[in-house]
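Student: I would like a close look at a single part of this structure, with the cut-offs stated.

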Amino acid sequence: MPPETFSAVTARLAALGGELHDTGRRDDTWVLEGEIPAAAVHEVERRLPGLSHGEGVWWSAPAGDRPVR
(Lines give C-alpha, C1' and ligand atoms only; values in the text may rest on other atoms or scores of the structure.)
Protein backbone atom coordinates (compact mmCIF):
# COMPACT_ATOMS: atom_id res chain seq x y z
CA MET A 1 0.00 0.00 0.00
CA PRO A 2 1.12 3.59 -0.46
CA PRO A 3 2.97 5.13 2.50
CA GLU A 4 0.33 7.81 3.07
CA THR A 5 -2.32 5.13 3.72
CA PHE A 6 -0.29 3.14 6.27
CA SER A 7 -1.96 4.52 9.41
CA ALA A 8 -5.53 4.22 8.08
CA VAL A 9 -5.03 0.62 6.92
CA THR A 10 -3.24 -0.55 10.06
CA ALA A 11 -5.83 1.13 12.29
CA ARG A 12 -8.66 -0.67 10.46
CA LEU A 13 -6.84 -4.01 10.68
CA ALA A 14 -6.28 -3.54 14.41
CA ALA A 15 -9.93 -2.59 14.94
CA LEU A 16 -10.94 -5.85 13.26
CA GLY A 17 -8.68 -7.96 15.49
CA GLY A 18 -5.72 -8.11 13.14
CA GLU A 19 -2.26 -8.99 14.37
CA LEU A 20 0.67 -7.83 12.25
CA HIS A 21 3.70 -10.12 12.24
CA ASP A 22 5.88 -8.55 9.60
CA THR A 23 5.76 -5.03 8.23
CA GLY A 24 8.29 -3.57 5.87
CA ARG A 25 8.86 -0.94 3.29
CA ARG A 26 9.70 -2.12 -0.22
CA ASP A 27 10.56 0.64 -2.65
CA ASP A 28 7.70 3.15 -2.39
CA THR A 29 5.16 0.83 -0.75
CA TRP A 30 4.45 -0.81 2.59
CA VAL A 31 3.93 -4.56 2.83
CA LEU A 32 2.03 -5.91 5.83
CA GLU A 33 1.86 -9.53 6.87
CA GLY A 34 -0.22 -10.88 9.70
CA GLU A 35 -3.46 -12.55 10.68
CA ILE A 36 -7.05 -11.43 11.03
CA PRO A 37 -10.10 -13.38 12.11
CA ALA A 38 -11.82 -15.13 9.19
CA ALA A 39 -15.03 -13.23 9.97
CA ALA A 40 -13.23 -9.93 9.17
CA VAL A 41 -11.76 -10.92 5.78
CA HIS A 42 -14.69 -9.72 3.69
CA GLU A 43 -14.81 -6.35 5.44
CA VAL A 44 -11.10 -5.78 4.84
CA GLU A 45 -11.46 -6.77 1.19
CA ARG A 46 -14.40 -4.39 0.84
CA ARG A 47 -12.72 -1.44 2.58
CA LEU A 48 -9.16 -1.78 1.25
CA PRO A 49 -9.72 0.09 -2.03
CA GLY A 50 -11.00 3.16 -0.17
CA LEU A 51 -8.40 3.00 2.59
CA SER A 52 -5.50 2.57 0.14
CA HIS A 53 -6.77 4.98 -2.55
CA GLY A 54 -7.22 2.04 -4.90
CA GLU A 55 -3.57 0.98 -4.66
CA GLY A 56 -3.71 -1.74 -1.99
CA VAL A 57 -3.32 -5.40 -2.91
CA TRP A 58 -4.77 -8.20 -0.79
CA TRP A 59 -3.70 -11.85 -0.48
CA SER A 60 -5.19 -14.21 2.04
CA ALA A 61 -4.92 -17.87 2.94
CA PRO A 62 -6.17 -19.97 5.84
CA ALA A 63 -3.63 -19.91 8.65
CA GLY A 64 -5.01 -22.28 11.23
CA ASP A 65 -7.09 -21.91 14.36
CA ARG A 66 -6.92 -19.50 17.24
CA PRO A 67 -9.18 -18.95 20.25
CA VAL A 68 -12.33 -16.85 19.79
CA ARG A 69 -12.39 -13.81 22.04
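Which residues make up the largest nonpolar core?

Tutor: The model is a predicted one, so local features need pLDDT of at least 70 and side-chain atom pairs count only at pLDDT 80 or more, while totals for chains, interfaces and linings use all residues. Residues are numbered from 1 along each chain as its sequence is written, and side-chain values use heavy atoms, with hydrogens and water left out.

The largest nonpolar core has nine residues: Met1, Val9, Leu13, Leu16, Ile36, Ala40, Val41, Val44 and Leu48. Such a core is a set of buried Ala, Val, Leu, Ile, Met, Phe, Trp, Tyr and Cys residues joined through side-chain atoms within 4.5 Å. Buried means under 20% relative accessible area, exposed over 50%, and partly exposed in between (1.4 Å probe, protein chains only). Helices α1 (residues 6-15) and α2 (41-51) each supply at least two residues of this core, and α2 gives the largest share, three residues. Helices (H or I, at least four residues) and strands (E, at least two) are DSSP runs, numbered from the N terminus. In soluble globular proteins, nonpolar side chains tend to be buried together.

Take α2 next. Its buried residues include Val41, Val44 and Leu48. Seen down the axis of α2, the buried residues fall within an arc of 45 degrees, so they line one face of the helix; the arc is that of the directions from the helix axis to the C-beta atoms. His42, Arg46 and Gly50 are exposed on the other side of α2. The buried residues of α2 pack against α1, where contact means heavy atoms within 4.5 Å. Just after α2, histidine 53 has a positive phi of about 55 degrees.

In α1, Val9, Thr10 and Leu13 are the buried residues. They lie within an arc of 95 degrees seen down the axis of α1, so they line one face of that helix. Ser7, Ala14 and Ala15 are exposed on the face turned away from the buried side of α1. The buried residues of α1 pack against β1 (19-26), β2 and α2. Threonine 10 counts as buried because its relative accessibility is 16%; not counting residues up to four places away in sequence, threonine 10 touches Leu20 and Leu32.

Of the 37 residues that line the largest pocket, Gly34, Glu35, Ile36, Trp58 and Trp59 lie nearest its centre. On a 1 Å grid over the protein atoms alone, a pocket is an open set of points where a 1.4 Å probe fits, with protein on both sides within 12 Å along at least five of seven lines, and lining residues have an atom within 4 Å of a point. This pocket holds about 1,100 Å³ of space. The strand β2 gives the most to the lining, with seven residues.

Key:
Grid points are joined across faces, edges and corners, and a volume is the space filled by probe spheres set on the points.
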